[in-house]
Amino acid sequence: MRFMVLVPADDGYEQGRMPGTEELAAMTRFNEELVKAGVMLAGEGLHPSAKGAKVRFEGGKRTVTDGPFTEAKELIGGYWIWECASRDEAIEWIKRAPFPDGTEIQLRQVFEDEDFDAVMTPELREAQSRLREQTETR
Amino acid sequence: MPDPATQRAIDAVWRIESTRLIAGLTRIVGDVAVAEDLAQDALVAALESWPESGIPDKPGAWLMATAKRRGIDALRRRIALERKHELIAHEQRILQQLDQPDLVAQVDDVEDDVLRLIFMTCHPVLSRDARVALTLRLLGGLSTPEIARAFLVSEGTVAQRIVRAKRTLSEARVPFEVPGRDELGDRLSAVLEVIYLVFNEGYAATGGEHWIRPPLCEDALRLGRILAGLMPGEPEVHGLLGLMELQASRLRARVGPGGEPVLLADQDRARWDRLLVQRGLAALGRAEKLAGALGPYTLQAAIAACHARARSVEDTDWLRIVALYDGLAALTGSPVVELNRAVAVAMAFGPEAGLELVDALAGDRALRDYHLLATVRGDLLERLGRDAEARAEFLRAADLCANEPERELLLARAEAL
């Protein structure tokens, strides 16, 4: 089973403060542990939302707002992609991460093709395949 | 009995901790069978006390301490009851080892224990079947019934295989260590072979009703990823990992809606798993950077990469694939590799050139009853318009093939001619 683990961005992060040496060392150790357990497939950190943008869809119009975003609790600072045998295993791994008090980590399961089998018609699947092919080969 | 949620949480902890626990205990007591028993006892203790007390903050350390304490108690009781001297001596020794503070664990990396355990479970004194079963059990965390299901044998067979394997290791006094430079090459090959055997059984099942069994591929991938983390300087470890990641990226395109096999040429490439392709190419890159001359797994990964990079069959760099197969054939001398090379030659230079090579291989004893030789021959004959001969080859291939969905595909191809 594939999971995405979403890590929130705190205030300091949003203001572009880089993590301290100790914090970074602890996180590096945790990442190493994930890699050595064969769990981590990918993981990236995100720039502060000041470098991002929001695009809003309304009444046929698209309105673009530059970052930073004001809704602090929606901010994402980074993510992991993990391969685990179960949701419980993913939770067990999250519990071991060196996050400070007050952090709330979100765990989400990644859809795999089989999850769509019930609702996908062959036409839909083909259309989606074509689409993916175009984006991949661009 | 713990409630289902606690049970699942304990299972998850066990999956994460069991390998390191067994590896650490093996280092202490020097016997993998004793170590596994002690680890199992600790799990039973966890099942008894965690539902009440909650899962401890450091479950790995809790399990290790409990395994040792329970082991010591049990041994003391047994020694008190025992009358035979040689047995007491053996148990006394284990008791002493358990009862000492574990100084090694404080200075040494526990991960090195896991690496030592891999080399032990893949030791050449064991038969191939035994290596696979023991590795899946101790490093993959699979239960005996799971291994039995994976290899389509009875639970009794697997259980016996594992018991015998542990006894063989103990009788042969196989040391708990990473082999030295002089034998590392051969011993590492044995480890890689076990992992790839597991992967292949998932990727192209040799028997049974399913053409692929993705959970087995995942177990093998996880072992490969663990090994790459433990031996980052070994090119072939990355080569094997790259090969498996690239092949696994095609898994979901490899079966049709009815469970039938879909061959590479007919696969919907948009369904390939891009994350695994990326990871495979990255692992191949690491292998190529580390290697002087490319080893067999790295060469196979490089071939898989040619497919992964191609948008279609026609778009594939078949010339490069032929060259890579040349290298692989020179290295392995394997007739199966020669057969694959013939397929690549047919793609690069036309079916006639391929058929010539296949015909030269047809007399090879190892390939005579190999269903893929007949399949390839049928395929090339079909492309040359020699339908009657092609049909006969597909029927012969179906006869030789033990995997049910694959057999049906061959019969359908014969039928269509």
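Predicted model: local features only at pLDDT ≥ 70, side-chain atom pairs only at ≥ 80, totals over all residues.
View 1. Chain B contains 20 helices and 0 strands, and its C-alpha trace spans about 80 × 45 × 40 Å along the principal axes. Of its 417 residues, 42% count as buried. When contacts in chain B between residues at least 6 apart in sequence are considered, 60% of them join residues at least 24 apart. The chain is divided into domain 1 (1-108), domain 2 (122-176) and domain 3 (186-311).

**View 2. Contact between domain 2 and domain 3 of chain B.** The C-alpha centres of these two domains of chain B lie 23 Å apart, and 12 residues of domain 2 are in contact with 11 residues of domain 3. On the side of domain 2 that touches domain 3, the elements giving two or more residues are α7 (128-138) and α8 (144-151) of chain B, with the largest share, 4 residues, coming from α7(B). By class, the residues on this side of domain 2 divide into 9 nonpolar, 2 polar and 1 charged.

**View 3. Crossing of helices α13 and α14 of chain B.** The axes of α13 (residues 274-290) and α14 (residues 296-309) of chain B come within 10 Å and cross at roughly 140 degrees. Angles over 145 degrees would count as roughly antiparallel, and α13(B) and α14(B) are therefore oblique to each other. The crossing of α13(B) and α14(B) is left-handed. From α13(B), the residues V277(B), G280(B), L281(B), L284(B), A287(B) and E288(B) take part in the contact, where they meet T298(B), A301(B), A302(B), A304(B), A305(B) and A308(B) of α14(B). Taken by class, this contact of α13(B) with α14(B) has 9 nonpolar, 2 polar and 1 charged residues.

**View 4. Contact between chain A and chain B.** Here 19 residues of chain A are in contact with 22 residues of chain B. On the side of chain A that touches chain B, at least two residues each are supplied by α2 (21-36), β2 (40-45), α3 (87-95) and α5 (122-137) of chain A, and α5(A) provides the largest share, 5 residues. The class make-up of this side of chain A is 7 nonpolar, 4 polar and 8 charged residues.

Notes
Residues numbered from 1 in each chain as written. Chains lettered and ligands numbered in written order. Axes fitted to C-alpha atoms, helices over the stretch in contact; angles between N-to-C directions. Parallel < 35°, antiparallel > 145°, perpendicular 65-115°, else oblique. Left-handed = near helix turned anticlockwise from the far one by under 90°. Contact = placed C-beta atoms within 7 Å. Nonpolar A, V, L, I, M, F, W, Y, C, P; charged D, E, K, R; others polar. Buried ≥ 20, exposed ≤ 12 C-beta atoms within 10 Å, placed from the backbone. Domains from an automatic or database assignment.
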